[in-house]
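Q: Please take a close look at the part where the two chains meet, and describe it for a reader new to this structure.

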Amino acid sequence: MEIINHLFDGFLIAFEPLNLILIVVGVTVGLFIGAMPGLGSVNGVAILLPMTFLVPPTSAVIFLGAIYYGAMYGGAISSIMLGIPGASTAVATTFDGRPMARSGQADAALIAAATASFVGGTLSVVLFTMFAPPLAKVALAFGSPEEFALMLLAFATFIGLGGDDIPKTFFSIFIGLVLSAVGLDIVSGEPRLIFFDIPGFFHGVNFLVLAIGIYGIGEILWTLETNKGEVEVSRLDLTFKKFVANMIRLKETIVTMLMGSFLGFFVGILPAAGATPGSLMAYGVAKTMDRNPETFGKGNIKGVAAPESANNAASTGSMLPMLTLGIPGSPTTAILLGGMVIWGLEPGPRLFTDQTEFVWGLIASLYAANLLSLLVNLAFIPAFIWVLRIPFTILAPIIFILCIVGGYAPTQDMHDVWLMLLFGVVGYLMRKLDYPMAPTVLAIVLGPLAETSLRQSLLISHGSAAIFVERPIAAAIMACALILLFLPLLKFFVGKRKK
Amino acid sequence: MTTLKKTVTVTLGAMVLAFLSFTQVQIAAADFEPKKPVDFVIMAGKGGGADKMARLMQTIIEKHELSGKPFVPINKPGGSGAEALIHMNNTSGAAQDHTVMVTLNSFYTTPLRQANLGIDISTFTPVGRMAEDTFLLWVNKDSGITDFDGFVAAAKAAGEDWIMAGTGKAQEDQLITDFLNRTYDLNMTYVPYKGGGRVAKELAGNNAHSTVNNPSEQLGFYEAGNTVPLAAFTQNRLDKFPDAPTMGELGNEFAYYMQRSVVGPPGMSAEAAAYYQALFAKVFETEEWQKYRTDKSLYGDFLTGDALKDYWMTERSIHETMLKEIGEI
């Protein structure tokens, strides 16, 4: 009951005219920032942070929260329309969103992305509202062994990710793991895998550089080859009737969205994970659960719904450790945390009791931001569809420039632009030889997290792997991981015997 | 179609303009002003003491409009700060005048431990020492330990199963841990994490038995009553934690502080150095910074120029001795 009262007070704050305007402006700005490759919610929030000194702290955080949400919705747009991930959180959306757009279902993909984002965002805010303090305890209990078990679970879903050719999937994973080890050793600080002594490798291989190269540049090369530059311009008019038909079609994705929301939210509340691993894991689980996993990667609408519901849910989830523990769960929340310090708020276990107006105003505004993001996004879909009418000869250079900007932005190092182009060529070759690319992307995201947590766990246990089965949470997750790992292997071998 | 063409033309036009203005200001470099956003490198992970402080400085700069261009924080926590140091050492061209770094004591220890990195900190440009951070010994309230003697007894009984969580390898936290291990004949296992925020969480979640966090990192949990400070590694008791005795009172004089300084890369122009020195002197004087110093129990006055460099050299030789004692070098 107390929660309902707090929430009601929160809504009164969120619906003050100033705050409502800030939400509308925030989600619209966020949508476009998210849609620009290389500009994610991190950049949006960082650029606009100084503006927030003009308004009270509660309004400021509401504004930044709205940008954060809008960007999560927007990231899907360039993933689907151009094949370039708009933000790291939207990489998984490219896997199926792009094939859908190529086969003339761009409208369905965009609507699915927006709706899934709304479901993920709203469900996670509900979970946040009801269970924030107990969930903070869960996040606290999650140590290195649990984190490693979770990473292993994610890797297990990879095996289901790569199609039917398991050896090729393993190969792709190992390529990603090797790339993720480039740079400085996490524990000892020694440089390793610094190819040709090029200093650019010291900061490791940024995962967006790989993703934009493989998907953006690879896409251009692939289109050039398959269509010899003559891309058929599919006329796509979005009528209200089609819109309704597309909405009805989403029925089949309800279970996927629910799964994505819960998984995304849970991964989001764990410090160090964040929305990118969350969305990738949701994609893997959706594929493994599906009756026709082979249709994933070729334009399955569930492949859009899963990561989009998960990344929005995770973005809410990662606010939880920020507010309750003072630890950011994602890069964007790290900047929000910086803002809170200057607004004079001390994030930590006492924030919920000491600053009820701030906390509940923020929570209530997240509900409003979700609804408005959905409406703004749906309203702009006809405009995004326009991209399909641009001839390839004009679109290709635009995609190329966007890829270069996207490769440069995260580290601001030309080295990464060259690397991105190289990955583009490699990605194209992998595609020709029918190697799955998604597992490589997943491995480079999760590799460093898995390595750190494994080494910390083994330090704690003095080298004994028993630590992963002695701790109940870790053991349960480990068991799930092993089951997931062996199921596809079993299918693979049984299938072979039948042949 | 037309709207799109327009957008493209406008974007391209803007890019050309940006490029032109960039090359133009390159020529006129007399009285220094940043010409592009300043990279604000943080030598530690997100959510730790250095990170929070850097973001506070960034927001103070924005709020008081101390700089014409924004400061963009970039975390480079890899390899106990090695990643950040290499990044600073390798800056060239315009970046030399548009990069500053928030640093801590790994500024001394990492180059000492890894001579192969080729980092000589005496070549770095001193900008300003903003504070000296303090250290306390923390345990979880659930442990039932209420004083330092209780800690020593419990840690001794647990042997190598006692987990001390800290930030980085052979850095501040491990140096203090080694001091405790040696002085009190303990065998605690030190586990490094990325960032003090994460370390504080490990203690609050009972995944570690103790930490030597800075006050700013533990404050949230301390105020909520989750964690208890048992001792302070300072000369005098801290006002915020009057019940935590100093190591001196406990019979073993040991004070250890961590610098919170801003440095420029080697090869920063004298004009740019003067600009950043003046800028951070202003940041130091702001009400927000002074309040932060009081709230988080920070020590130390503002140091800059040669005074700061001398301070680095003294601290470097102290750390060299400490690292030799524990056999790290």
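A: Between chain B and chain A an area of about 4,000 Å² is buried, 66% of it from carbon and sulfur atoms; buried area is the accessible area (1.4 Å probe) that two parts lose on being put together, summed over both. This is a predicted model, in which local features need pLDDT of at least 70 and side-chain atom pairs count only at pLDDT 80 or more, while totals for chains, interfaces and linings use all residues. Residues are numbered from 1 along each chain as its sequence is written, chains are lettered from A in the order in which they are written, and side-chain values use heavy atoms, with hydrogens and water left out.

Chain B brings 51 residues to the contact and chain A brings 47 residues, where contact means heavy atoms within 4.5 Å. One salt bridge is found across this interface, the term standing for a side-chain nitrogen of Lys or Arg within 4 Å of a carboxyl oxygen of Asp or Glu. The salt bridge joins the side chains of Glu147(A) and Arg198(B), at 3.0 Å from N to O.

On the side of chain B that touches chain A, the elements giving two or more residues are α1 (2-27), α2 (49-63), α3 (82-89), β7 (189-193), α7 (196-204), α8 (215-223) and α10 (287-295) of chain B. Helices (H or I, at least four residues) and strands (E, at least two) are DSSP runs, numbered from the N terminus. Of this side of chain B, α2(B) supplies the largest share, eight residues.
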